[in-house]
Amino acid sequence: MDSSEVAVRFDGVSRLFGEVRAVDRVSFSVRDGEFFAMLGPSGSGKTTCLRLVAGFEHPTEGRIFLSGKDVSDVPPYERNVNTVFQDYALFPHMSVQENVEYPLMIRKLPAAERRRRAGEMLELVRLPGFGARKPAQLSGGQRQRVALARALIGQPRVLLLDEPLGALDLKLREEMQVELKAIQRQLGITFIYVTHDQGEALSMSDRVAVFNHGRVEQLGTPAEIYDHPRTAFVAGFVGISNLLPAAVAERIGAGSRSFSIRPERIRLATPAEPVAEGGCSADGTIRSVLYYGAQTRYLVGLDAGGELTVVTQNSDAGGPRAAWSAGERVRLVWSRASERPIEEGVET
Amino acid sequence: MPSERRRHRGKSEGGTRPGLALRLAALGGILFLHLPLLFIVLYAFSAEDKSFVFPPPALTTRWFAVALEREDVRAALLLSLQVASVATVLALFLGTMAAAAVWRSSFFGREAISLLVILPIALPGIITGIALRSALNLGGLPFSFWTIVIGHATFCIVVVYNNALARLRRTSPSLIEASMDLGANGFQTFRHVIFPQLATALLAGGMLAFALSFDEVIVTTFTAGQQATLPIWMLNELVRPRQRPVTNVVAVFVIAITLVPILLAFYLTRHGQDAAGSGR
């Protein structure tokens with residue numbers, strides 16, 4: 001990768017809080033113009049990484065580069081990076097217009113230009129005509145948009161988003177996902193997006209870094225992360241994971257390594273069904289049935305030990321049977337190619 | 001139906017209404033607190049200047065003119081205004097700094113410092129007074145205008161500090177980060193974000209401090225040299241009276257000058273609560 005294409009680079013970065021390693025020797029690069037998600041549970045170090053890029057934290061070890069320049073000791077107000085905060089952090093004593101103009105006011109731009117550009121930004125986030133209102137008079141989703149406009153008006157190279165949709169309800173969150181993605185495409189700015197929601201990370205990003213215990217467990221495209229989880233943690237955190245320990249795998253004749261398999265790769269069949277070439281099967285009993293409308297989720301207890309989750313689509317073109325019920329004996333059938341061996345020695 | 005509902009509501013309201021005895025007791029309490037004030041105001045207009053007789057034989061506004069003419073009244077009033085203003089400005093500066101330090105950073109002994117700042121208002125004024133007097137003597141400082149200011153600043157700082165800290169604690173720390181993130185340095189962040197958040201709290205704290213300083217007697221007694229502030233002058237006047245109603249006229253001034261800032265402070269902080277909480 002050419003260094004001019006790199007927006008942000010972490011080089012062996014650690015951040016310690018007392019004895020706690022919030023970020024532990026992390027190295028990765030974010031490409032210019034990329035929608036990059038940092039995904040992980042709370043306390044995994046993803047937000048600290050974001051704050052390191054913003055300049056609110058400084059690395060204890062290692063260096064951070066923005067566009068090839070070492071910024072490890074540069075204060076936030078001298079970095080060409082802006083942040084959308086989780087609580088929006090709108091200035092309550094200023095109107096929407098003043099909030100959006102704030103970065104330009106600090107740079108002492110002429111009032112006419114400030115007004116024009118703030119107008120454009122409010123247009124971009126679809127809040128034209130809201131300039132005179134106070135933040136307290138806006139809904140959560142509108143405040144979110146104002147925060148976005150304020151962070152974008154200074155034309156940063158990198159936009160940092162700290163769980164920006166966390167406080168919104170589901171419907172609004174889905175709308176904003178589409179819109180954020182569209183704005184990122186339109187402006188061509190690098191977005192670094194922190195979230196604990198794996199659905200958000202998979203649907204919006206070009207690449208995802210999965211964080212755990214202050215380290216990057218896996219970095220790749222959403223499809224790579226989902227289809228080829230390298231560790232048990234990634235398999236479990238992203239999507240529904242079926243993890244079979246080595247002992248169970250051996251008993252059902254699926255080799256001697258533990259592996260994970262995605263629930264939609266498994267087919268439910270009657271116990272009498274023959275297993276095809278290159279396939280694998282395990283018999284068990286349905287323990288519970290969860291109906292989700294478009295899908296149904298079955299939890300199957302295996303005779304060999306352990307449990308597997310199976311997801312079936314409730315479409316007309318569906319399988320041989322419409323529904324199964326709890327307590328029924330079933331045979332689970334899958335292709336060997338769908339098994340994903342898990343790196344040994346990695347604990348969840 | 002509506003009439004029935006109305007009757008129901010009336011009944012439930014009657015249930016929460018206090019009894020006659022309680023209402024009389026409350027009225028008695030309020031009269032006990034405020035009737036003497038009314039007498040002060042009334043006798044400022046009394047035509048009789050040797051003793052207080054009720055009712056006053058005649059009413060006059062003459063004493064207001066007399067009070068304003070008297071050199072000792074004007075000197076005392078001026079001194080009190082000056083002391084209160086300087087002590088308030090000092091308190092605004094130091095109190096805000098102390099509040100910002102305690103809020104922003106965590107350091108060893110932070111809670112102890114916080115307690116030490118608040119202590120002067122909990123401590124009896126006479127202790128503060130004696131302590132300051134002996135400290136000033138030990139330091140060889142002559143009693144002056146400035147020693148009174150120092151004495152008053154001890155408790156004025158507390159009021160400002162408490163107001164500022166309460167407001168800061170309701171302010172989201174991410175506002176400061178947002179400002180820095182958007183290109184503002186420390187000074188610009190203070191000017192455009194922190195100060196506007198604090199403004200009404202500081203105004204309220206400042207006015208309260210001013211009012212406290214303006215009618216302070218005990219600490220002033222111990223830290224003043226030959227000068228008499230307005231309350232000290234009044235105390236002296238009661239001991240050796242001449243033109244009694246003039247004292248009452250001055251008392252009316254004091255009531256006005258202290259009451260207005262306190263009411264305004266109350267009004268401002270009440271409003272400030274909504275404003276400060278709304279941004280989150």
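How many salt bridges does the rule find across the interface of domain 1 of chain A and domain 2 of chain A? The rule finds one, a salt bridge being a side-chain nitrogen of Lys or Arg within 4 Å of a carboxyl oxygen of Asp or Glu. The partners are Arg265(A) and Asp227(A), with their closest N and O atoms 3.5 Å apart.

Some ground rules. This is a predicted model, where local features need pLDDT of at least 70, side-chain atom pairs count only at pLDDT 80 or more, and totals for chains, interfaces and linings use all residues. Residues are numbered from 1 along each chain as its sequence is written, chains are lettered from A and ligands numbered from 1 in the order in which they are written, and side-chain values use heavy atoms, with hydrogens and water left out.

Now the two domains. In chain A, domain 1 covers 3–232 and domain 2 covers 242–341; such bounds come from an automatic or database domain assignment. Their centres, taken over C-alpha atoms, lie 40 Å apart. Six residues of domain 1 of chain A touch seven residues of domain 2 of chain A, where contact means heavy atoms within 4.5 Å. Together the two domains of chain A bury about 540 Å², with 42% of it on carbon and sulfur atoms. Buried area is the accessible area (1.4 Å probe) that two parts lose on being put together, summed over both. On the domain 1 side, Tyr226(A), Asp227(A) and Pro229(A) lose the most area to domain 2 of chain A, together 73% of what that side buries.

Next, the two chains. How many residues does each chain bring to the contact? Chain A brings 25 residues and chain B brings 23 residues. Between chain A and chain B, about 2100 Å² is buried, and carbon and sulfur atoms give 59% of that. In chain A, the residues losing the most area to chain B are Tyr77(A), Pro92(A) and Ile106(A), together 27% of what that side buries.

Here too the count is one salt bridge. Which residues form it, and at what N to O distance? They are Arg51(A) and Glu177(B), at 2.7 Å. On the chain A side, the residues touching chain B divide into 17 nonpolar, three polar and five charged.

Terms used: Ala, Val, Leu, Ile, Met, Phe, Trp, Tyr, Cys and Pro count as nonpolar, Asp, Glu, Lys and Arg as charged, and the others, Gly among them, as polar.
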